[in-house]
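Okay, thanks for coming, everyone. Let me put today's model up on the screen.

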Amino acid sequence: MSEIPESSPQNSSRKAYIAFGLVAIFGLGGGLAWWFYPQPNKVGPKVEVGETVTRTTTTVPPSPFTDVTEEWGVRFRHHTGATGNKLLPETMGSGVVVLDFDNDGKPDLFFVSSCPWPDQAGSATPCGLYRNKGKGFEDVTKQMGLAKPLYGLGGCAGDFDNDGWTDLFIAAVGGNRLLKNDAGKGFIDVTAKGGLAQGPDWGVLPKTNFSQDRQEIPFPTTATFVDFDNDGKLDLFLCHYVTWAPGTDLSIKTTLTGVGRAYVSPTSFEGTQCTLWRNNGNGSFEDVTKSAGIEVTEKEGVGEKARVRAVGKSLGVVVADADNDGWPDIFVANDTVRNFLFHNQSDGKGGRRYKEIGLDSGVAYADGRARAGMGIDWGEYRPGKSGLVVANFSNEPLTFLTTNKPGALRFSDSALAVGLSGPSRIPMKFGIVFVDYDLDGRLDIFMNNGHLEPDISKVNASQSFPQAPMLFWNSGGNPRCFEPVPSANTGKDFNKQMVGRGSAFADLDGDGDLDLVLVGNNEPARILRNDQKTSHHWIRLALEGNGTTTNKSALGAVVKCKIGESVIERIVTGARGYMSQPDTEVTLGLGTATSVDWIEITWPGVKPQTQKLEKPKIDQRLVIRQS
């Protein structure tokens, strides 16, 4: 999050940059904006899955969403613990995790919350677990043993012990939590047993004068399970934001003119490291951050005495096989510093390790400078062509990185070419995901927006604290394929403003299309039911690995589906977007196609296995176990 208050020491250079930028935007950019900004289209024919069309012959289809939060019994409200001091973690959270914790085939919801600081009185909403009853949700937080205070930000889910039950991990300031699923009867805290405890735990933080304490407190933001060595056991990758302590935070003088103290920019804090924990297979994890190549440092100055500092200020992570070699790579979105691409390579000793190649691959910067990266996702936006989308700060467009050749590790920013640059620039973007909301077989983009400063409108008329989410429809056009969906097409419920952070999707009501879950900072979560009426067909796949050569959660599995002349590809990925994890079941939108030729599943492992389904029935959920 890169906004710098007016009284900060960085502001003089920022003012010069803004002045130059305004000239560019309203001078040269004023003429170009009309040319590049997507214009309304004429009504055109319905298109088949994978078909390439031009934007002059298509229209964005109506896709209304209805707010069913209250109707479905979801009453979770995120709590920041803010009391006016404006400590940096308060504005970050939080996320939501989709998981089927009771194995009934229906996606449940886990909401991450925070709590009052140790020296502040008051109660807070704990994290919330909601069981999907088929026609609404039931709050089962207490009975499942999850009603315990912690300063949570992000979360992820996966069966780390391969016992057939999905477990949870919560990234939390002052103490992460690894929660083992006890056969759907409750969650057991196994953090200490798992060797995942980091720094001072929440329970031992000072109860008095906490805001003045300068002892460093771990500041994890988001995490994902990943089997990085393909041994059939889920490892854990954890992002950290900055080197932080409340006393250090409050010692930095920063204000919004005429308003008061502002949240401190991450540029005022030292960076830190992401961490990687290898699953030992006995319920414990080993920190392999350094040996596995995850540490990223830079020298300040030259010579032997130059200070070495950590680079990362990480907020978003997504796992993808960027070079199609069967080994999971890791993309990380960083805030105000360069983004990372950890490339999975042989360690020369029969094992695996990562090499950070963000600079060499073109992932580090979109336009030669660091942006404020928040959410991140990877997906096939056109048959045979995948892209990496990164949500950035207000007045920064989305970053959309693509390659000219599948599997190549050289990326360039195509946001302008694919139609995302202009319409995505203004809002402050957090929760971003690829989602085929109209089931036409092409991945669309959803983003949840909201500012970090409650009083931002007093100093910047173009911004507001709550903001409306945005949806981009994938038309299949080439090169421009993403069209901003007009507010009239999504309905008033969708366009309601909120201080958006995490987001996820799942078929919550079992009707085939994907509903949206939105989390707001210090406000209620929202459930938006997808009421699209395209009559498009679909298939949903719930994949289960064998638990030996492939992890039970099937994270890393690749699904290919042949529909006529087109082949679409989806991957089973854990957490992505912003501090969240959407449904890991694979939804294949078929458009108007009434049959599927075949579906091919490549199960991950040291020796990947392939399983093929010939002419599966459509418009149904299939449970596929590794054969």
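Some housekeeping. This is a predicted model, where local features need pLDDT of at least 70 and side-chain atom pairs count only at pLDDT 80 or more, while totals for chains, interfaces and linings use all residues. Residues are numbered from 1 along each chain as its sequence is written, and side-chain values use heavy atoms, with hydrogens and water left out.

So, the chain. It has 6 helices and 39 strands; these are DSSP runs numbered from the N terminus, helices being H or I with at least four residues and strands being E with at least two. The radius of gyration is 23 Å, close to the 25 Å from the globule rule for 627 residues, so the chain is as compact as a globular protein of that length. That radius is taken over C-alpha atoms, and the rule is 2.2 Å times the number of residues to the power 0.38. If you like boxes, the C-alpha atoms fill one of roughly 65 × 60 × 55 Å along the principal axes.

How much of the chain is buried? Buried residues are 60% of the 627, where buried means under 20% relative accessible area, exposed over 50%, and partly exposed in between, using a 1.4 Å probe and protein chains only. On contacts, meaning heavy atoms within 4.5 Å: among those between residues at least 6 apart in sequence, 63% join residues at least 24 apart.

Which residue of strand 20 is the bridge partner of Val 332? That's Phe 340.

On to the cysteines. How many disulfides do we get? The count comes to 0, with a disulfide being a pair of cysteine sulfur atoms within 2.5 Å. Take Cys 127: the closest cysteine sulfur, in Cys 115, is 9.0 Å from its own, too far for a bond. Cys 156 has its closest cysteine sulfur in Cys 239, at 10 Å, again too far. Cys 127 is buried at 3% relative accessible area, and Cys 156 is buried at 0%.

Last, some backbone details. The peptide bond from Gly 93 to Ser 94 is cis, with omega near 5 degrees, and Ser 94 is in the loop between strands 1 and 2. Another cis bond joins Asn 478 and Pro 479, omega about 5 degrees; Pro 479 is in the loop between strands 28 and 29.

Then there's positive phi without glycine. Ala 183 has a phi of about 50 degrees, in the loop between strands 8 and 9, and is partly exposed at 33%. Asn 230 has about 55 degrees, lies between strands 10 and 11, and is buried at 4%.

Key:
Two strands pair if DSSP finds at least two bridges between them.
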